[in-house]
Amino acid sequence: MSAATTRSRTPDRLCAEAVDLARAAAEEVAAPGVVGEHVGLVSEGDRVVTHFFESKEPGYRGWRWAVTVARASRAKIVTLDEVVLLPGSDALLAPEWVPWSERLRPGDLGPGDLLPTDQEDLRLEPGYSGEEEPAPNSVVSGEMAELAEAEDADVTAGTPAVQPMAPVRGSIAAVAEELGMRRARVLSRYGLHVAADRWEDAFGPKTAMAQAAPATCSSCGFLSPIGGSLGQAFGVCANEFSPADGRVVSFSYGCGAHSEAAVMPKPPQPAEPVIDEMKVDVFPLRPARDSGSVPEAGDEETAELGHS
């Protein structure tokens, strides 16, 4: 170990004794009453020492005022270098800054917001290269060149994404458009797996709703199929009473609104009235004398009561 290294680790005596100078400098920079006790010092090099003072500033718990003093070689006067507020080992710090692209979460995008995609986004890959000429080692390259020359065919310039109108019929770009491959980029295998994992976590077989469902979405009449390779395992729910209405669901997902889970019984229908038109019902015009609830009294009994 060299002598210079040894001297740098040992605080200079005059600089270490300049506590009052360091405190006065800290109080001049800070607000009144926020500079606390002297909590230590550290040697920064030859004749350079940093003094630390406790900070009483609200909201800066664990921070320290760091005042660096120094003196010239063979000089007896200590001078001020800098004053700064630094965090201590137990200081309250703000969270580490995270770029917006990593802070963004599903659902953060609002109306009018634009979310640019990175050129090197791993979820995407080129969907169509735009190359009209076959590869030099292609078997049909020569034949296609002769056919294009014989038919006076024009090669469409540029990628399909920048063409103002439909490509010339018979060109590779026209075939790509017909097959649905005219997009500049399509989902890569990684992008497909990421989307599938995300949909499986939200509406997959491991959710609490699917565990209690009477059947899976693969047999539900409300499942609307989607295209592409993801259509082999996912679809869109079209049941307005389902918690996954309008969402992409796994075939293994399920809920209580399954189309075949329970069939509502039809309400009972009363029987048609039967009318017998061949039978005649006899209805008397006057009630019988003995049909009442009070027995008929004789003349002698009524005479005693004064009835005529």
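At 4% relative accessibility, S250 counts as buried, because the cut-off for a buried residue is under 20%. The model examined here is predicted. S250 is found in strand β9, which covers residues 248–250. Its contacts reach well along the chain. Leaving aside neighbours within four places in sequence, S250 is in contact with E200, F203, G204, P205, C217, A233 and F234.

The wider setting is as follows. The protein chain has nine helices and nine strands. It holds 308 residues, and buried residues make up 23% of them. The accessible surface of the chain comes to about 23500 Å². Carbon and sulfur atoms account for 56% of that surface. Among contacts with a separation of 6 or more, 51% join residues 24 or more positions apart.

Four strands form an open sheet in the order β1-β2-β3-β4, and the pairing is antiparallel. The edge strands are β1 and β4, each of which pairs on one side only. Neighbouring strands of the sheet are turned by 20° against each other on average, direction ignored. Strands of a sheet pair through backbone hydrogen bonds, either parallel or antiparallel.

Strand β2 spans residues 48–55. Six of its eight residues are buried, so β2 is largely enclosed by the rest of the structure. With β1, strand β2 pairs in the antiparallel sense over seven bridges. V35 stands opposite S55 of β2. The pairing of β2 with β3 is also antiparallel, over seven bridges. There, F52 has A66 of β3 as its bridge partner. H51 stands opposite V67 in β3.

Most residues other than glycine have a negative phi. R47 lies in the loop between β1 and β2. These two strands form a hairpin with two residues between them. R47 is partly exposed, with a relative accessible area of 28%.

The loop between β2 and β3 holds G59. G59 is exposed, because its relative accessible area is 62% and the cut-off for exposed is over 50%. G59 and L93 are 34 residues apart in sequence. Their C-alpha atoms are 9.7 Å apart in space.

R74 sits in the loop between β3 and β4. R74 is not a glycine, yet it has a positive phi of about 65°. At 83% relative accessibility, R74 counts as exposed.

The buried residues of α7 are G191, A195 and A196. Seen down the helix axis, they fall within an arc of 130°, so they line one face of α7. They pack against β6 (185–187) and β8 (234–237). The face of α7 turned away from its buried side carries the exposed residues R189 and D201.

Note on methods
Residues numbered from 1 in each chain as written. Predicted model: local features only at pLDDT ≥ 70, side-chain atom pairs only at ≥ 80, totals over all residues. Heavy atoms only, no water. Buried < 20%, exposed > 50% of the residue type's maximum accessible area, 1.4 Å probe, protein only. Contact = heavy atoms within 4.5 Å. Areas by Shrake-Rupley, 256 points an atom, 1.4 Å probe, with all protein chains shown as cover. Arc of directions from axis to C-beta. Pairing = 2+ DSSP bridges. Axes fitted to C-alpha atoms, helices over the stretch in contact; angles between N-to-C directions.
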